[in-house]
Amino acid sequence: MGGDAWRLRTGLAILLLLALAALAAPGVAALLGVDPEVPDILARQAGPSAAHPLGTDELGRDILVRLLVGARVSLAVGIAAALASTVIGLAAGLLAAWRGGWVDAALMRLADGLLALPALPLLVLLAAMDPAALGLPRGGALSDVLRIVLILALFGWVGVARLARAAAISVLARDHVRAARALGVGEARLLRRHVVPALGAPLAVAASLAVAGAILAESTLSFLGLGIQPPASSWGNMLANAQDLVFSAPMAALWPGLAIALAVAGAMLVADGLRPRSG
Amino acid sequence: MARMIAWRVPQIAATLAILSLAAFLAIGAMPGDPISLAMMADPRLGPADVERMRALHGLDQPLLLRWWAWATGVLRGEFGYSRLFARPAAEVLWPALRGSLVLLGTALALAAGLGIGAGMLAALRPRWRGAVDAVALLSQALPAFWLGILLIILFAVTLGWLPAGGAPDAGGVAEAARFLVLPVATLAIAHLAAYARHTAAAMAEVLRAPWITAARARGAPESRIAFRHALPNAAVPLLSILALDAGALVSGALITETVFARPGMGKLLTDAVMGNDHNLALLALLLVAGTTLLATLAADLAQRGLDPRLGREG
């Protein structure tokens, strides 16, 4: 059906654009002379103007700058959670494929169990835990981000592990790997030199999907009030605020949702473009 | 099939037992246990009273023992009380489960119907394929809660046709249906895309089979080929997608309920977690997980029923 390169390019362009926007956040804030966390009671729910290109929210904070700061949170959580998921998933998948037997069975049953369960109620429960009990500092945006990344990685590794395991099993059965083993190459070196590099393509797909899933999950948790805590802004908690005001300022709900959809679609397009086509 | 049930039901029970233990430990790490809440509410309570109350309620016991006491109680049918609602937990849980099942069932029927229709369209009319693909990507990228808010803005705020959320106090089925339209639409739109994509893939696969060519050569009309020859065979992989998607569908229902402030398991669970109602949160989690696992089992059983070959292999 073609168009794969197009998907990859579009997806990468979207993510790059969002990353640039995230990097530009402090610059734009300085340019407009606004602080995204300080309320300005006299300029509540203002329409778009030169000072506030997208208007202000219910506390008079600039919506554009809050969106850009939210992009930092969403992308940071998405990428960090995907990275953590990929590392854990790769390790678990490799271990399962290499050891086989009961290790394989135990890891895959665990993965099946996690996949079969509805993720949201589990995420909600975990997100409500005391961060101190997880060994994280309490309070502050950084603590929130670390907490969310940790929780998302706890579920995100499953998809990566399944893909990595399937690919590793097929690589381990290939002639050149068996030849290397017959020549007396150590197991660690075998995995490092011959198996892991061959997993690049499936891992890239799994990692992009993990980015999409993590961005969506973070925004959902923040929307429910269990993710990034105000006054720090994230697309999810901006939407939660916007919903409370849906009758007086319906347009406020537009931008954060659009941003989430754009970021998720970007990551999914990258995954689609990287996926090798069979048919 | 009996063998599959005999194998899967204990597996589900084991999953729930492990989940309850993990959740129990996680809740042990949540701020605000009942005693510290009582202490906050009553300034006359001193440290000695706290110790006495901890011992009285068994909170000085190790977590594992407390979990055992709780789990055996649940197995005996003692579900305990909800702190938030000040009522027996079971009385709070059942109506919420019913509310969620109504939403889930209606949305699933709608999403499966429309999704399969769109998927068949994409498989049979290649011109439509790009459009179905694009819509599928869009609906998978849209956060369900944003979609819900957009529908509220359009149909409740701007047009004023439908309620923005909640549940009717009175009125018959018609009134209840009015409150159901937007949540069902939100959940169905979020999931029909995945069904459409998988139907299209499964149908395209089946349509390449030699017996489809044979049917065409015999002069069977296209509609008969699509519905009699292709769809029943495509239904088997579709059921496995439905089974795999069960968890995501339940998660989607929970967030949809929260957006529309609709009474159900989703709202109950977030309220319970936020309100430090730990017993209710734990029971709600297990109920949701158990329902999902049973739904997955049902889909797997239906798949076996449709394709007896599957049973012989495993």
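User: Which residues of chain B does UniProt place under "transmembrane region"?

Analyst: The unreviewed UniProt entry puts that feature at residues 101-124, 144-164, 176-196, 234-260 and 280-302 of chain B. The model itself is predicted.

User: What is the helix content over residues 101-124 of chain B, and how far apart are the end C-alpha atoms?

Analyst: Residues 101-124 of chain B are 100% helix and 0% strand, with the end C-alpha atoms 34 Å apart.

User: And what about residues 176-196 of chain B?

Analyst: There the chain is again 100% helix and 0% strand. The end C-alpha atoms of that stretch lie 29 Å apart.

User: Turning to packing, at what angle do α7(B) and α8(B) cross?

Analyst: The two axes cross at roughly 140° and come within 9 Å of one another. Helix α8 of chain B covers residues 173-207. Because an angle over 145 degrees would be needed for roughly antiparallel, α7(B) is oblique to α8(B).

User: Is the crossing left-handed or right-handed?

Analyst: α7(B) passes α8(B) in a right-handed crossing.

User: Which residues make that contact?

Analyst: From α7(B) come Ala144(B), Leu147(B), Gly148(B), Leu151(B), Ile152(B) and Phe155(B). α8(B) contributes Leu182(B), Ala185(B), Thr186(B), Leu187(B), Ile189(B) and Ala190(B). Taken by class, the residues of this contact are ten nonpolar, two polar and no charged.

User: Where is Leu154(B), and why does it count as partly exposed?

Analyst: Leu154(B) belongs to helix α7 of chain B. Leu154(B) counts as partly exposed because it has 14 C-beta neighbours inside 10 Å, whereas 20 or more are required for a buried residue and 12 or fewer for an exposed one. Its C-alpha atom is 9.9 Å from that of Ala164(B), a residue ten positions away in sequence.

User: Next, the interface. How many residues of chain B touch chain A?

Analyst: 34 residues of chain B are in contact with 32 residues of chain A. On the chain B side, the elements giving two or more residues are α1 (2-28), α6 (129-141), α7 (144-158), α10 (222-259), α11 (265-274) and α12 (278-306). The most comes from α12(B), with seven residues.

User: How many helices and strands does chain A have?

Analyst: Chain A has ten helices and zero strands. Of its 279 residues, 48% count as buried. Among contacts in chain A between residues at least 6 apart in sequence, 70% link residues at least 24 apart.

Terms used:
Residues are numbered from 1 along each chain as its sequence is written. Chains are lettered from A and ligands numbered from 1 in the order in which they are written. This is a predicted model: local features need pLDDT of at least 70, side-chain atom pairs count only at pLDDT 80 or more; totals for chains, interfaces and linings use all residues. Two residues are in contact if their C-beta atoms, placed from the backbone, lie within 7 Å. Helices (H or I, at least four residues) and strands (E, at least two) are DSSP runs, numbered from the N terminus. Axes are lines fitted to C-alpha atoms, for helices over the stretch in contact, and angles run from 0 to 180 degrees between N-to-C directions. Angles under 35 degrees count as roughly parallel, over 145 as roughly antiparallel, 65 to 115 as roughly perpendicular and the rest as oblique. A crossing is left-handed if the near helix is turned anticlockwise from the far one by less than a right angle, and right-handed if clockwise. Ala, Val, Leu, Ile, Met, Phe, Trp, Tyr, Cys and Pro count as nonpolar, Asp, Glu, Lys and Arg as charged, and the others, Gly among them, as polar. UniProt positions are given in the numbering used here, feature names are shortened, and annotations may be inferred rather than shown by experiment.
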